[in-house]
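Please open the structure in the viewer and keep the selection tool at hand. The stops below concern rings and the residues around them.

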Amino acid sequence: MQLQVPTRLMKCLSLSSLPATTTLQELASSQPKGIAKVVLKKGKAQLFKDGSPMVYSGAVDRIIGRPPPRTGDVVLVADGTEKPIAWGLYNSVSMFCVRLMQLEEEAARDPSCALNMDRLIETRIDAALKLRRSLGLPSANTNAYRLVNSEGDRLSGIIVDVFGELAVIASSSAWVEKYKPEIEACISRIDGINHIKWRPSIEILKDEGVDVLDLKEMHQSTCPERTKKTGFYADQRENRQFISTISNGKKVLDICCYSGGFSLNAMRGGAINVTGVDTSLPALELARENIILNNLDPGKIAFLREDATEFMKGALSKKELWDIVILDPPKLAPRRKDLQSASGMYRNLNALAMQLTKRGGLLMTCSCSGAMTQSGIFLRILQGAASAVGRKITVIRQASAACDHPVDPSYPEGTYLSNILLRVQ
């Protein structure tokens, strides 16, 4: 008689017998090839004991081990006395010398993942999956959600978004490329996921020392051709839903509308007229297709291909006004050094958007630039824009990314999205 094994969301890999020892030093000593040790400068250890997930090269005093570790190798990270405090994955060229995976205390409590990337990947993805299930994702309302959010799910350098049966894996670290088969194997065991698309972040991986010439050939997708061309930003999901609750009877303008997420929610919420503007033709084609897929009235919604600034200047010259304006531009400050120039762009865009908002109307304005959000100056920029065009603004609501985008408080750089609802008078 054959025994029946209960179905699980993920099938666990069998564990090899674990050493009786529990300290990282003892576990490392039992490895046949030995493990190199990255020794931190004096006074630097506490930052990483407190949870900071990445060791910058400037924090490293020396590396013990011959031959020296190679990119992607497991290494110990030790304090100035050479006592291990954690382990992680080494990179010989990146500014992130080590991406920490587990602290000494964690390894002592549960050595099953210690120095074992295969097991750790499985455990972390399983934990991420359980978190999304506890948040009700996927749900009757959406099958698009973020499954893994890099540092927020303690897998620095990898993002996994799920769209129905498709999982899109974004890689931005050399270790992720090294462990691609193991990551794909874990994702493919999740119930409901039948296709995987791997998207390497080419420019970032160059800085990680990855040879990117053959990446396109290496990362062939298992998804149908039609699916390869789709994409969606799940981080704004809850903010789009909020728009649907305030749009009844309103005239709505959606600047930088992409595939129409805010526009479609405004229509679903009862808007009498919606105009979406974007420069991307493929995105607008998706937006128009989404009108049909969502059984909405195409006569009440228009998607226009035009530059955001030029459209708003033209609308202003014609004295057009909207009850609700949504401004969700692309990333204008990808790095801190871009912050000054981006500030001017944000100010100019928002000044135009405020002038197109009826007095007493609402402006939902966004920044997806981590440098801007983390700087804390976005509200000041908005106030400056309002003052420049003779408008008074009041903050009604402040939000960030949806709940499936967890953030590690010891790595505030993971916070990137600002979504602010203003009353404009």
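Select lysine 251 and tryptophan 322: the lysine lies over the face of tryptophan 322, at 5.0 Å from the ring centre. A charge sits over a ring if NZ of Lys or CZ of Arg is within 6 Å of the ring centre and within 35 degrees of the ring normal. This is a predicted model, in which local features need pLDDT of at least 70 and side-chain atom pairs count only at pLDDT 80 or more, while totals for chains, interfaces and linings use all residues. Residues are numbered from 1 along each chain as its sequence is written, and side-chain values use heavy atoms, with hydrogens and water left out.

Next, select lysine 180 and tryptophan 198, where the lysine lies over the ring face at 5.5 Å from the ring centre.

Turn now to the aromatic pairs, of which the structure holds five. Rings of Phe, Tyr and Trp (its six-membered ring) pair if their centres lie within 6.5 Å; planes under 30 degrees apart count as stacked, over 60 as edge-to-face and the rest as tilted. Select phenylalanine 311 with tryptophan 322: this pair is tilted, at 6.3 Å centre to centre and 45 degrees between the planes.

Finally, select tyrosine 346 and phenylalanine 378. Their ring centres are 5.6 Å apart and their planes stand at 75 degrees, so the pair is edge-to-face. Tyrosine 346 counts as buried at 1% relative accessibility, and phenylalanine 378 is buried at 4% relative accessible area.

Notes: Buried < 20%, exposed > 50% of the residue type's maximum accessible area, 1.4 Å probe, protein only.
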